[in-house]
Amino acid sequence: MMRLFTILGALSAGIAVAAGAFGAHALRARVEPRLLEVFETGARYQMYHALALLAVAWLVGQGGRVAGPAAWAGWCFVAGTLLFSGSLYAMTFTGIRALGAITPLGGVAFLAGWLLLAVAGSRLGR
């Protein structure tokens, strides 16, 4: 699991950097400013949670009672990225604003992940 979350975190961070560059350069002339902001929000939150996945990898590596909640946090971050950032990216490319209804589900997954990460952290050193 440590290896998996390290790989997922690194790949997600790389995609976030690429998305940010794409938004700053290629999308600026192609989409309205509000949709560009939406895209940038997706890239920013993807990066935050890519870094969180690297923290998850470290916590999973601690083993014991820490690993379980840390792994669940990681899966929540992955799901949150797909739902939150993915829906914002899709909304930008398609212009279908109804996709924004999916975004809060990703936000809930992110919140659950942070709560589980706190639980994992509370078990360190015990």
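Guide: Buried means under 20% relative accessible area. Keep that cut-off in mind as we look around this predicted model.

Visitor: Okay, why is Phe 84 called buried?

Guide: Phe 84 has 13% relative accessibility. The limit for buried is under 20%, so Phe 84 counts as buried.

Visitor: And what makes Tyr 45 and Phe 84 an aromatic pair that is tilted?

Guide: Rings pair if their centres lie within 6.5 Å, and these two are 4.9 Å apart, centre to centre. Planes under 30 degrees apart count as stacked and over 60 as edge-to-face, with the rest tilted. Tyr 45 and Phe 84 have 35 degrees between the planes, so the pair is tilted. The two residues link distant parts of the chain: Tyr 45 sits in helix H2 (residues 33-61) and Phe 84 in helix H3, 39 residues apart.

Visitor: How do you know that Tyr 45 counts as partly exposed?

Guide: Tyr 45 comes out at 30% relative accessibility.

Visitor: How many aromatic pairs does the structure hold?

Guide: There are 10 aromatic pairs. One of them joins Phe 22 and Phe 93, with ring centres 6.1 Å apart and planes at 50 degrees. Phe 22 belongs to helix H1 (residues 2-27) and Phe 93 to helix H3, 71 residues apart.

Visitor: Why is Phe 93 called exposed?

Guide: Exposed needs over 50%, and Phe 93 has a relative accessible area of 51%, so Phe 93 is exposed. Phe 22, at 36% relative accessibility, counts as partly exposed.

Visitor: Which residues form one aromatic cluster?

Guide: Phe 22 and Phe 93 again, along with Phe 39 and Tyr 89.

Visitor: What makes the nonpolar surface patch?

Guide: Met 1, Leu 4 and Trp 75 make a patch of about 290 Å². Patch residues need over 30% relative accessible area. Trp 75, found in helix H3 (residues 64-94), has 36% relative accessibility, so Trp 75 is over that cut-off and counts as partly exposed.

Visitor: What volume does the largest pocket have, and which helix supplies the largest share of its lining?

Guide: The volume is about 180 Å³. Of the 13 lining residues, those closest to the centre are Leu 8, Ser 12, Gln 46, Thr 81 and Leu 82. H3 gives the largest share of the lining, seven residues, while H1, H2 and H3 each supply at least two.

Conventions:
Residues are numbered from 1 along each chain as its sequence is written. This is a predicted model: local features need pLDDT of at least 70, side-chain atom pairs count only at pLDDT 80 or more; totals for chains, interfaces and linings use all residues. Side-chain values use heavy atoms; hydrogens and water are left out. Patches are made of residues with over 30% relative accessible area and no salt bridge: like charges are joined within 9 Å, nonpolar side chains (Val, Leu, Ile, Met, Phe, Trp, Tyr) within 5 Å. Accessible areas come from the Shrake-Rupley method with a 1.4 Å probe; for residues, only the protein chains shown count as cover. A salt bridge is a side-chain nitrogen of Lys or Arg within 4 Å of a carboxyl oxygen of Asp or Glu. Helices (H or I, at least four residues) and strands (E, at least two) are DSSP runs, numbered from the N terminus. Buried means under 20% relative accessible area, exposed over 50%, partly exposed in between (1.4 Å probe, protein chains only). Rings of Phe, Tyr and Trp (its six-membered ring) pair if their centres lie within 6.5 Å; planes under 30 degrees apart count as stacked, over 60 as edge-to-face and the rest as tilted. On a 1 Å grid over the protein atoms alone, a cavity is a set of points where a 1.4 Å probe fits but cannot get out, and a pocket is an open set with protein on both sides within 12 Å along at least five of seven lines; lining residues have an atom within 4 Å of a point. Grid points are joined across faces, edges and corners, and a volume is the space filled by probe spheres set on the points.
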